[in-house]
Amino acid sequence: MRLVHVLGTRPNVVKMAPVIAATRERLGPQSSVIVHTGQHYDRAMSEIFLEELGVPEPDHMLGVGSGTHAEQAARVLERLEPVLRAERPDMVLVPGDVNSTLAAALCADRLGIAVAHVESGLRSFDRTMPEEINRVVADHLSELLFLHSAEAEDNLRAEGVPAERQRFVGNTMIDTLVALERRFRAREAARELGLEPGGYLLATLHRPALVDGPLLSEAMEALDRVAATMPVVFPVHPRTRKMLGYGRDRAVILVDPISYLDFLSLEADAAGVLTDSGGIQEETTYLGIPCFTLRDNTERPVTVRAGTNTVLGLAPQRIAEIPDLLPAVPAKPPQAPQKWDGRAAQRIADILAGR
Ligand code: UD1
(Lines give C-alpha, C1' and ligand atoms only; values in the text may rest on other atoms or scores of the structure.)
Protein backbone atom coordinates (compact mmCIF):
# COMPACT_ATOMS: atom_id res chain seq x y z
CA MET A 1 0.00 0.00 0.00
CA ARG A 2 1.56 3.24 -1.13
CA LEU A 3 0.14 6.49 0.24
CA VAL A 4 0.56 10.15 -0.58
CA HIS A 5 -0.24 12.50 2.33
CA VAL A 6 -1.07 16.06 1.26
CA LEU A 7 -0.39 18.95 3.65
CA GLY A 8 -1.13 22.58 2.87
CA THR A 9 -1.77 24.67 5.95
CA ARG A 10 -0.85 24.90 9.61
CA PRO A 11 -3.88 22.89 10.88
CA ASN A 12 -3.29 20.25 8.19
CA VAL A 13 0.09 19.51 9.77
CA VAL A 14 -1.51 19.10 13.21
CA LYS A 15 -4.15 16.72 11.81
CA MET A 16 -1.78 14.62 9.67
CA ALA A 17 1.30 14.32 11.93
CA PRO A 18 -0.15 11.34 13.85
CA VAL A 19 -1.53 9.76 10.65
CA ILE A 20 1.85 9.94 8.93
CA ALA A 21 3.55 8.47 12.01
CA ALA A 22 1.01 5.65 12.44
CA THR A 23 0.90 4.64 8.77
CA ARG A 24 4.71 4.67 8.53
CA GLU A 25 4.92 2.45 11.58
CA ARG A 26 2.23 0.06 10.37
CA LEU A 27 3.06 -0.06 6.65
CA GLY A 28 6.78 0.80 6.67
CA PRO A 29 8.57 4.11 6.08
CA GLN A 30 8.60 3.59 2.32
CA SER A 31 4.81 3.36 2.24
CA SER A 32 4.17 7.06 2.49
CA VAL A 33 5.18 10.08 0.51
CA ILE A 34 4.60 13.57 1.94
CA VAL A 35 3.56 16.44 -0.29
CA HIS A 36 3.39 20.01 1.08
CA THR A 37 1.46 22.32 -1.23
CA GLY A 38 2.91 25.47 0.37
CA GLN A 39 -0.48 27.14 0.88
CA HIS A 40 1.08 28.22 4.19
CA TYR A 41 4.74 29.04 3.73
CA ASP A 42 5.99 31.37 6.50
CA ARG A 43 8.32 29.58 8.90
CA ALA A 44 5.95 30.35 11.79
CA MET A 45 2.99 28.91 9.84
CA SER A 46 4.69 25.79 8.50
CA GLU A 47 8.25 24.65 9.32
CA ILE A 48 7.96 25.19 13.09
CA PHE A 49 4.92 22.92 13.05
CA LEU A 50 6.65 20.21 11.02
CA GLU A 51 9.61 20.28 13.42
CA GLU A 52 7.64 20.34 16.67
CA LEU A 53 5.33 17.57 15.55
CA GLY A 54 8.17 15.41 14.23
CA VAL A 55 6.84 15.27 10.66
CA PRO A 56 9.58 14.11 8.28
CA GLU A 57 10.68 16.63 5.68
CA PRO A 58 8.16 16.63 2.82
CA ASP A 59 9.25 14.68 -0.27
CA HIS A 60 7.66 17.28 -2.54
CA MET A 61 7.17 21.01 -1.94
CA LEU A 62 4.74 22.52 -4.45
CA GLY A 63 5.24 26.16 -3.42
CA VAL A 64 1.76 27.32 -4.43
CA GLY A 65 1.71 30.25 -1.97
CA SER A 66 -1.11 32.77 -1.63
CA GLY A 67 -3.65 33.93 -4.17
CA THR A 68 -7.33 33.86 -4.94
CA HIS A 69 -9.16 30.60 -4.30
CA ALA A 70 -9.04 29.84 -8.02
CA GLU A 71 -5.32 30.58 -8.31
CA GLN A 72 -4.47 28.52 -5.25
CA ALA A 73 -6.55 25.53 -6.31
CA ALA A 74 -5.34 25.75 -9.92
CA ARG A 75 -1.68 25.76 -8.85
CA VAL A 76 -2.20 22.73 -6.61
CA LEU A 77 -3.94 20.85 -9.45
CA GLU A 78 -1.22 21.68 -11.95
CA ARG A 79 1.73 20.98 -9.66
CA LEU A 80 0.38 17.89 -7.91
CA GLU A 81 -0.53 16.05 -11.11
CA PRO A 82 3.05 15.24 -12.23
CA VAL A 83 3.94 14.22 -8.65
CA LEU A 84 1.04 11.75 -8.48
CA ARG A 85 1.85 10.42 -11.96
CA ALA A 86 5.44 9.79 -10.88
CA GLU A 87 4.67 8.41 -7.41
CA ARG A 88 1.71 6.24 -8.54
CA PRO A 89 0.20 5.83 -5.04
CA ASP A 90 -2.71 3.51 -4.22
CA MET A 91 -4.34 6.27 -2.23
CA VAL A 92 -4.07 10.00 -1.55
CA LEU A 93 -4.92 11.19 1.98
CA VAL A 94 -6.28 14.72 2.31
CA PRO A 95 -7.07 16.36 5.67
CA GLY A 96 -9.56 19.03 6.68
CA ASP A 97 -11.26 21.64 4.54
CA VAL A 98 -8.75 24.08 3.06
CA ASN A 99 -8.22 24.91 -0.61
CA SER A 100 -5.33 22.42 -0.82
CA THR A 101 -7.70 19.67 0.37
CA LEU A 102 -10.22 20.35 -2.37
CA ALA A 103 -7.63 20.61 -5.15
CA ALA A 104 -5.66 17.54 -4.08
CA ALA A 105 -8.82 15.42 -3.89
CA LEU A 106 -9.89 16.55 -7.35
CA CYS A 107 -6.44 15.99 -8.83
CA ALA A 108 -6.21 12.43 -7.49
CA ASP A 109 -9.77 11.62 -8.57
CA ARG A 110 -9.10 12.77 -12.15
CA LEU A 111 -6.07 10.47 -12.29
CA GLY A 112 -8.17 7.53 -11.06
CA ILE A 113 -6.35 7.38 -7.72
CA ALA A 114 -8.44 6.62 -4.62
CA VAL A 115 -8.91 9.48 -2.15
CA ALA A 116 -9.28 9.21 1.63
CA HIS A 117 -10.55 12.21 3.61
CA VAL A 118 -9.31 12.71 7.15
CA GLU A 119 -11.80 14.74 9.30
CA SER A 120 -14.76 13.80 7.21
CA GLY A 121 -18.44 14.62 7.65
CA LEU A 122 -18.28 18.05 9.30
CA ARG A 123 -20.92 20.49 8.12
CA SER A 124 -21.65 24.11 9.05
CA PHE A 125 -24.56 24.15 6.54
CA ASP A 126 -23.24 27.55 5.47
CA ARG A 127 -22.32 27.37 1.81
CA THR A 128 -20.94 30.91 1.81
CA MET A 129 -17.86 29.50 3.63
CA PRO A 130 -15.24 28.20 1.20
CA GLU A 131 -14.39 25.52 3.75
CA GLU A 132 -17.91 24.08 3.56
CA ILE A 133 -17.65 23.54 -0.20
CA ASN A 134 -14.15 22.12 0.25
CA ARG A 135 -15.49 19.59 2.79
CA VAL A 136 -18.47 18.54 0.70
CA VAL A 137 -16.38 18.02 -2.44
CA ALA A 138 -13.62 16.15 -0.58
CA ASP A 139 -16.18 13.85 1.05
CA HIS A 140 -18.00 13.09 -2.20
CA LEU A 141 -14.77 12.35 -4.08
CA SER A 142 -13.47 10.02 -1.37
CA GLU A 143 -13.49 6.26 -1.43
CA LEU A 144 -12.69 6.19 2.28
CA LEU A 145 -14.09 8.75 4.71
CA PHE A 146 -12.49 8.90 8.17
CA LEU A 147 -15.23 10.39 10.38
CA HIS A 148 -14.22 12.66 13.20
CA SER A 149 -17.38 12.61 15.36
CA ALA A 150 -20.59 10.63 15.64
CA GLU A 151 -22.73 13.41 14.12
CA ALA A 152 -20.73 13.14 10.88
CA GLU A 153 -22.61 9.90 10.16
CA ASP A 154 -25.94 11.79 10.09
CA ASN A 155 -24.51 14.49 7.84
CA LEU A 156 -23.12 12.01 5.34
CA ARG A 157 -26.24 9.84 5.38
CA ALA A 158 -28.32 12.93 4.57
CA GLU A 159 -26.14 13.52 1.51
CA GLY A 160 -26.41 9.92 0.35
CA VAL A 161 -22.77 8.96 0.95
CA PRO A 162 -22.68 5.13 1.06
CA ALA A 163 -22.16 3.79 4.59
CA GLU A 164 -19.57 1.25 3.38
CA ARG A 165 -17.17 4.08 2.57
CA GLN A 166 -17.40 5.55 6.07
CA ARG A 167 -15.19 4.70 9.04
CA PHE A 168 -15.74 6.46 12.37
CA VAL A 169 -12.19 6.75 13.68
CA GLY A 170 -12.26 9.92 15.83
CA ASN A 171 -10.27 13.15 15.85
CA THR A 172 -6.60 13.07 14.80
CA MET A 173 -6.06 16.65 16.01
CA ILE A 174 -6.78 15.42 19.53
CA ASP A 175 -4.23 12.62 18.95
CA THR A 176 -1.61 15.33 18.50
CA LEU A 177 -2.75 17.20 21.60
CA VAL A 178 -2.62 14.02 23.68
CA ALA A 179 0.85 13.16 22.35
CA LEU A 180 2.16 16.64 23.19
CA GLU A 181 0.43 17.04 26.56
CA ARG A 182 3.45 16.42 28.77
CA ARG A 183 5.57 18.84 26.72
CA PHE A 184 3.09 21.72 26.54
CA ARG A 185 2.13 21.38 30.22
CA ALA A 186 5.82 21.87 31.06
CA ARG A 187 5.95 25.14 29.11
CA GLU A 188 5.15 28.41 30.77
CA ALA A 189 4.10 30.42 27.74
CA ALA A 190 1.74 32.61 29.79
CA ARG A 191 4.39 33.60 32.33
CA GLU A 192 6.84 34.37 29.52
CA LEU A 193 4.34 36.97 28.33
CA GLY A 194 3.92 38.30 31.87
CA LEU A 195 0.48 36.70 32.28
CA GLU A 196 -0.91 34.86 35.30
CA PRO A 197 -2.10 31.31 34.46
CA GLY A 198 -5.91 31.19 34.69
CA GLY A 199 -6.21 34.98 34.52
CA TYR A 200 -6.30 36.01 30.84
CA LEU A 201 -8.34 35.72 27.65
CA LEU A 202 -6.64 34.15 24.61
CA ALA A 203 -7.95 35.43 21.26
CA THR A 204 -7.45 34.27 17.65
CA LEU A 205 -9.39 35.61 14.66
CA HIS A 206 -8.53 34.97 11.01
CA ARG A 207 -11.60 34.19 8.89
CA PRO A 208 -12.28 36.45 5.90
CA ALA A 209 -15.92 37.04 6.97
CA LEU A 210 -14.56 38.68 10.09
CA VAL A 211 -11.14 40.10 9.34
CA ASP A 212 -11.47 41.25 5.71
CA GLY A 213 -14.08 43.93 6.52
CA PRO A 214 -15.19 46.47 9.14
CA LEU A 215 -16.01 43.82 11.77
CA LEU A 216 -12.32 43.47 12.62
CA SER A 217 -11.98 46.99 14.03
CA GLU A 218 -15.22 46.47 16.00
CA ALA A 219 -13.76 43.25 17.40
CA MET A 220 -10.50 44.97 18.34
CA GLU A 221 -12.36 47.75 20.13
CA ALA A 222 -14.42 45.20 22.07
CA LEU A 223 -11.24 43.28 22.97
CA ASP A 224 -9.67 46.52 24.21
CA ARG A 225 -12.70 46.91 26.49
CA VAL A 226 -12.27 43.35 27.82
CA ALA A 227 -8.59 44.14 28.42
CA ALA A 228 -9.69 46.71 31.01
CA THR A 229 -11.05 43.75 33.07
CA MET A 230 -8.57 40.98 32.26
CA PRO A 231 -5.42 40.74 30.10
CA VAL A 232 -6.06 39.68 26.49
CA VAL A 233 -3.37 38.01 24.38
CA PHE A 234 -3.85 37.66 20.63
CA PRO A 235 -1.41 35.72 18.40
CA VAL A 236 -2.11 37.29 15.01
CA HIS A 237 -2.58 35.16 11.87
CA PRO A 238 -0.86 36.65 8.74
CA ARG A 239 -4.23 37.38 7.10
CA THR A 240 -5.34 39.36 10.16
CA ARG A 241 -1.96 41.09 10.45
CA LYS A 242 -2.30 42.31 6.87
CA MET A 243 -5.52 44.07 7.86
CA LEU A 244 -4.34 45.31 11.29
CA GLY A 245 -0.80 46.36 10.45
CA TYR A 246 1.72 47.04 13.24
CA GLY A 247 0.73 50.58 14.17
CA ARG A 248 -1.33 51.92 17.08
CA ASP A 249 -0.97 51.04 20.74
CA ARG A 250 -3.64 48.76 22.11
CA ALA A 251 -4.61 47.33 25.45
CA VAL A 252 -4.64 43.88 23.81
CA ILE A 253 -1.26 42.12 23.69
CA LEU A 254 -0.68 41.35 19.99
CA VAL A 255 1.99 38.77 19.18
CA ASP A 256 3.10 37.16 15.91
CA PRO A 257 2.08 33.52 15.27
CA ILE A 258 3.61 31.28 17.94
CA SER A 259 4.68 27.63 17.97
CA TYR A 260 2.09 24.93 18.55
CA LEU A 261 3.53 23.92 21.95
CA ASP A 262 3.41 27.53 23.12
CA PHE A 263 -0.11 27.93 21.76
CA LEU A 264 -1.37 24.81 23.53
CA SER A 265 0.29 26.00 26.74
CA LEU A 266 -1.48 29.38 26.45
CA GLU A 267 -4.77 27.63 25.67
CA ALA A 268 -4.53 25.21 28.60
CA ASP A 269 -3.76 28.03 31.06
CA ALA A 270 -6.33 30.55 29.76
CA ALA A 271 -9.43 31.64 31.69
CA GLY A 272 -11.21 31.53 28.32
CA VAL A 273 -10.61 31.63 24.59
CA LEU A 274 -12.21 33.74 21.86
CA THR A 275 -11.85 32.27 18.37
CA ASP A 276 -13.22 31.74 14.87
CA SER A 277 -11.04 28.66 14.32
CA GLY A 278 -12.46 25.14 14.11
CA GLY A 279 -9.54 23.31 15.69
CA ILE A 280 -9.48 25.59 18.74
CA GLN A 281 -13.14 24.81 19.47
CA GLU A 282 -12.08 21.15 19.63
CA GLU A 283 -8.91 21.59 21.66
CA THR A 284 -10.70 23.69 24.30
CA THR A 285 -13.38 21.00 24.56
CA TYR A 286 -10.74 18.39 25.24
CA LEU A 287 -8.93 20.67 27.71
CA GLY A 288 -12.12 21.85 29.45
CA ILE A 289 -11.46 25.55 28.78
CA PRO A 290 -14.41 27.90 28.05
CA CYS A 291 -14.45 28.83 24.36
CA PHE A 292 -16.42 31.65 22.69
CA THR A 293 -16.83 31.30 18.93
CA LEU A 294 -17.28 34.50 16.96
CA ARG A 295 -19.23 32.96 14.08
CA ASP A 296 -22.87 32.48 13.16
CA ASN A 297 -22.49 28.70 13.11
CA THR A 298 -20.12 25.86 13.80
CA GLU A 299 -19.41 22.65 11.90
CA ARG A 300 -18.45 21.21 15.28
CA PRO A 301 -21.70 21.24 17.33
CA VAL A 302 -20.27 18.38 19.40
CA THR A 303 -18.17 21.05 21.17
CA VAL A 304 -21.30 23.04 22.06
CA ARG A 305 -23.02 19.94 23.42
CA ALA A 306 -19.94 19.19 25.52
CA GLY A 307 -20.64 22.48 27.32
CA THR A 308 -17.30 24.22 26.69
CA ASN A 309 -18.15 26.11 23.47
CA THR A 310 -20.54 29.06 23.17
CA VAL A 311 -21.35 30.35 19.67
CA LEU A 312 -21.60 34.13 20.04
CA GLY A 313 -22.63 34.85 16.44
CA LEU A 314 -20.67 37.03 14.04
CA ALA A 315 -21.30 39.91 16.43
CA PRO A 316 -18.10 41.60 17.69
CA GLN A 317 -19.99 43.69 20.27
CA ARG A 318 -20.70 40.45 22.15
CA ILE A 319 -17.00 40.05 22.92
CA ALA A 320 -17.42 42.60 25.70
CA GLU A 321 -19.80 40.15 27.47
CA ILE A 322 -17.13 37.47 27.84
CA PRO A 323 -15.92 38.41 31.37
CA ASP A 324 -19.55 38.15 32.56
CA LEU A 325 -20.24 34.93 30.64
CA LEU A 326 -17.15 33.11 31.91
CA PRO A 327 -18.48 32.11 35.36
CA ALA A 328 -21.53 30.49 33.71
CA VAL A 329 -19.41 27.93 31.82
CA PRO A 330 -19.41 24.75 33.92
CA ALA A 331 -16.11 24.14 35.66
CA LYS A 332 -16.58 20.36 35.65
CA PRO A 333 -14.09 18.28 33.67
CA PRO A 334 -15.55 17.81 30.20
CA GLN A 335 -16.72 14.52 28.84
CA ALA A 336 -14.50 14.09 25.77
CA PRO A 337 -16.56 13.34 22.64
CA GLN A 338 -16.60 9.73 21.51
CA LYS A 339 -13.24 8.52 20.09
CA TRP A 340 -11.42 11.76 20.88
CA ASP A 341 -8.98 9.61 22.79
CA GLY A 342 -5.58 9.91 21.13
CA ARG A 343 -6.03 6.76 19.03
CA ALA A 344 -7.74 7.97 15.85
CA ALA A 345 -4.62 7.77 13.68
CA GLN A 346 -3.97 4.25 14.93
CA ARG A 347 -7.45 3.28 13.76
CA ILE A 348 -6.76 4.83 10.36
CA ALA A 349 -3.49 2.91 10.03
CA ASP A 350 -5.22 -0.35 11.02
CA ILE A 351 -7.92 0.19 8.40
CA LEU A 352 -5.38 0.96 5.67
CA ALA A 353 -3.22 -2.01 6.64
CA GLY A 354 -6.26 -4.27 6.38
CA ARG A 355 -7.01 -3.32 2.75
C1 UD1 B 1 -6.64 28.96 5.38
C2 UD1 B 1 -7.93 28.19 5.19
C3 UD1 B 1 -8.75 28.26 6.47
C4 UD1 B 1 -7.94 27.80 7.67
C5 UD1 B 1 -6.65 28.60 7.74
C6 UD1 B 1 -5.80 28.08 8.87
C7 UD1 B 1 -8.84 28.11 2.90
C8 UD1 B 1 -9.97 28.56 2.06
N9 UD1 B 1 -8.75 28.71 4.11
O10 UD1 B 1 -6.99 30.32 5.58
O11 UD1 B 1 -9.87 27.41 6.35
O12 UD1 B 1 -8.69 27.98 8.85
O13 UD1 B 1 -5.93 28.46 6.50
O14 UD1 B 1 -4.76 28.96 9.16
O15 UD1 B 1 -8.07 27.27 2.50
N16 UD1 B 1 -0.20 34.34 4.55
C17 UD1 B 1 1.09 34.63 4.91
N18 UD1 B 1 1.91 33.58 5.19
C19 UD1 B 1 1.53 32.29 5.13
C20 UD1 B 1 0.19 32.02 4.74
C21 UD1 B 1 -0.66 33.06 4.46
O22 UD1 B 1 1.49 35.78 4.99
O23 UD1 B 1 2.33 31.38 5.40
C24 UD1 B 1 -1.12 35.47 4.29
C25 UD1 B 1 -1.19 35.89 2.87
O26 UD1 B 1 -1.33 37.26 2.82
C27 UD1 B 1 -2.47 35.25 2.38
C28 UD1 B 1 -3.34 35.24 3.61
O29 UD1 B 1 -2.44 35.09 4.69
O30 UD1 B 1 -3.03 35.92 1.32
C31 UD1 B 1 -4.36 34.14 3.64
O32 UD1 B 1 -3.74 32.85 3.50
P33 UD1 B 1 -4.57 31.63 2.84
O34 UD1 B 1 -3.77 30.38 2.92
O35 UD1 B 1 -5.09 32.02 1.54
O36 UD1 B 1 -5.83 31.49 3.78
P37 UD1 B 1 -5.94 31.50 5.36
O38 UD1 B 1 -6.60 32.76 5.75
O39 UD1 B 1 -4.65 31.14 6.04
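The following dialogue explains how several features of this predicted model are read.

Colleague: What kind of model is this, and how are its residues numbered?

Modeller: Residues are numbered from 1 along each chain as its sequence is written, and side-chain values use heavy atoms, with hydrogens and water left out. The model is predicted, and local features need pLDDT of at least 70, side-chain atom pairs count only at pLDDT 80 or more, and totals for chains, interfaces and linings use all residues.

Colleague: How many helices and strands does the protein have?

Modeller: Helices (H or I, at least four residues) and strands (E, at least two) are DSSP runs, numbered from the N terminus. In this protein there are 16 helices and 13 strands. The radius of gyration is taken over C-alpha atoms, and the globule rule is 2.2 Å times the number of residues to the power 0.38. For this protein the radius of gyration is 20 Å, close to the 20 Å that the rule gives for 355 residues, so the protein is as compact as a globular protein of that length. The C-alpha trace spans about 60 × 40 × 40 Å along its principal axes.

Colleague: What share of the residues is buried?

Modeller: Buried means under 20% relative accessible area, exposed means over 50%, and partly exposed lies in between (1.4 Å probe, protein chains only). Buried residues account for 57% of the 355 residues here. Accessible areas come from the Shrake-Rupley method with a 1.4 Å probe, and for residues, only the protein chains shown count as cover. The accessible surface of the protein is about 14400 Å², and 50% of that belongs to carbon and sulfur atoms.

Colleague: How far apart are the mean positions of the positive and negative charges?

Modeller: Lys and Arg count as positive and Asp and Glu as negative, while His and the chain ends are not counted. The place of a charge is taken as NZ of Lys, CZ of Arg, CG of Asp or CD of Glu. The protein has 38 positive and 48 negative charges, and their mean positions are 3 Å apart.

Colleague: How many disulfides does the structure hold?

Modeller: A disulfide is a covalent bond between the sulfur atoms of two cysteines. The criterion applied is a pair of cysteine sulfur atoms within 2.5 Å, and the structure holds 0 disulfides. Cysteine 107 has 2% relative accessibility and therefore counts as buried. Cysteine 291, at 0%, also counts as buried.

Colleague: What share of the contacts joins residues at least 24 apart in sequence?

Modeller: Contact means heavy atoms within 4.5 Å. Among contacts between residues at least 6 apart in sequence, 66% join residues at least 24 apart. Arginine 26, in helix 1 (residues 10-27), may be taken as a case. Leaving aside neighbours within four places in sequence, arginine 26 is in contact with Gln346, Ala349, Asp350 and Ala353. Arginine 26 is partly exposed, with a relative accessible area of 43%.

Colleague: Where does alanine 114 lie, and which residues does it contact beyond its neighbours within four places in sequence?

Modeller: Alanine 114 lies in strand 5 and is buried, with a relative accessible area of 15%. With such neighbours left aside, alanine 114 is in contact with Asp90, Met91, Val92 and Glu143. The C-alpha atoms of alanine 114 and methionine 91 are 4.8 Å apart, and 23 residues separate the two along the chain.

Colleague: Is alanine 105 buried or exposed?

Modeller: Alanine 105, in helix 4 (residues 99-110), has 0% relative accessibility and so counts as buried. Beyond its neighbours within four places in sequence, alanine 105 is in contact with Val94, Val115, Ala138 and Leu141.
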